[in-house]
Amino acid sequence: MLLKRLSDCCFAAINNFTWRSLLSTFTYNPFMEKDKLLAKVSEIQWCHSIDLGEGVVTPGLSKTRPLDDQELPAMRGKSVLDIGGWDGLNSFLAEKRGAERVVALDHYAWGVDMLKRNLYWEQCKKNGTFPDYRLDETEFWDPTLPGKAGFDLAKEVLGSKVEAKVGDFMKMPVDEIGAFDVVLFLGVLYHLRDPLGALEKVRSLTKEVAVIETSAVVVPGHEGEFLVRYYPADELDGDFGNYFGPSEEALVAMLKGVGFRNIVTVVGPPAVKAVPFRRSMSKVYRLIVHAYV
Ligand SMILES: C[S@@+](CC[C@H](N)C(=O)[O-])C[C@H]1O[C@@H](n2cnc3c(N)ncnc32)[C@H](O)[C@@H]1O
């Protein structure tokens with residue numbers, strides 16, 4: 001189940017080399033003994049594959065490929081907010097790309113007891129019921145933040161200055177988070193029950209540009225339409241925590257609607273073909289856009 005949960009970020013795993021070589025230039029490593037580091041790494045359930053140096057790469061379950069240089073705006077000297085940072089791969093990359101200040105913000109993946117929650121989901125599936133998402137913050141919430149262990153270890157080993165902020169960005173006041181030159185909103189939008197409200201919040205946290213990477217849909221014969229597909233249960237990657245996938249047009253229009261002025265699609269939909277006399281099925285893909293204020 002956890003595998004399925006993580007596979008929601010899935011993109012074909014290509015282009016590992018750019019980020020690996022970027023991260024491997026960190027030199028500080030407080031765990032002088034490689035064996036000790038490997039033991040610590042093996043105790044953690046990793047989302048991201050992070051090169052910690054000394055030939056140690058964390059065994060991340062995510063199949064989503066990290067964005068490459070062409071898919072990211074300039075970060076040198078900028079402040080960067082990584083919403084949904086999880087193990088911090090994108091935050092550490094932002095730091096490596098010269099960002100002056102980087103904040104990794106997360107909540108759900110850091111504090112939810114995934115084992116308990118996944119058992120509950122399995123039970124819901126068997127019973128044919130919908131899970132109550134609110135249990136994440138009550139029944140399944142672990143205030144010791146077990147899911148943050150990967151971020152903490154990677155930060156220490158990499159000698160990184162990335163700051164961690166714990167909280168649901170939808171509920172935190174803008175003043176508490178602050179505004180940033182660059183906001184990374186990668187793999188988060190489709191997890192949110194209020195996508196338009198989420199984009200509005202992202203706008204209020206962005207001083208220059210937000211990078212939005214999301215699961216999206218294209219429907220043959222309906223290209224150019226403002227479509228948003230709703231996933232009532234676990235239709236997307238077996239994950240009850242996935243709700244909406246927009247078409248490129250819908251995402252661009254939503255971003256304009258919340259006040260971004262210029263939207264550039266960096267990775268758009270694949271070519272699809274409508275088959276005559278057959279009902280069009282939506283094709284799911286990963287969309288990347290840059291939204292400028
Ligand atoms: C699919 S993961 C993506 C992780 C990472 N950004 C990446 O692209 O590899 C989604 C992340 O968003 C976080 N997340 C979801 N809703 C959130 C919210 N309301 N506030 C903060 N983080 C959230 C989850 O905890 C999880 O770490």
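## Contacts and overall make-up

Among contacts in the protein with a separation of 6 or more, 70% join residues 24 or more positions apart. Two residues are in contact if their C-beta atoms, placed from the backbone, lie within 7 Å. The structure is a predicted model: local features need pLDDT of at least 70, side-chain atom pairs count only at pLDDT 80 or more, and totals for chains, interfaces and linings use all residues. Residues are numbered from 1 along each chain as its sequence is written.

The protein has ten helices and eleven strands. Both are DSSP runs numbered from the N terminus: helices are H or I with at least four residues, strands are E with at least two. Of the 293 residues, 40% are buried. Buried means that 20 or more other C-beta atoms lie within 10 Å of the residue's own; exposed means 12 or fewer, and partly exposed lies in between, with C-beta atoms placed from the backbone.

## Strand β3 and its partners

Strand β3 spans residues 79-83, and four of its five residues are buried. β3 pairs in parallel with β4 (residues 101-106) over five bridges. β3 also runs parallel to β6 (residues 180-186), joined by four bridges. Strands pair if DSSP finds at least two bridges between them.

Asp 82 has a partner on each of these strands. In β4 Asp 82 stands opposite Ala 104; in β6 the bridge partner is Leu 184.

## Around the ligand

The shell around the ligand holds 20 residues; Gly 84, Tyr 108, Ala 109, Leu 186 and Gly 187 come nearest. A residue is near if its C-beta atom, placed from the backbone, lies within 6 Å of the molecule. β4 and α5 (108-111) each supply at least two residues of this shell.

## Helix α10

Helix α10 covers residues 248-257, and its buried residues are Glu 248, Leu 251, Val 252, Met 254 and Leu 255. Down the helix axis they fall within an arc of 165°, so they line one face of α10. The arc is that of the directions from the helix axis to the C-beta atoms.

These buried residues pack against α9 (195-205), β7 (206-218), β9 (244-246), β10 (262-267) and β11 (283-292). Just after α10, Gly 259 takes a positive phi of about 110°.
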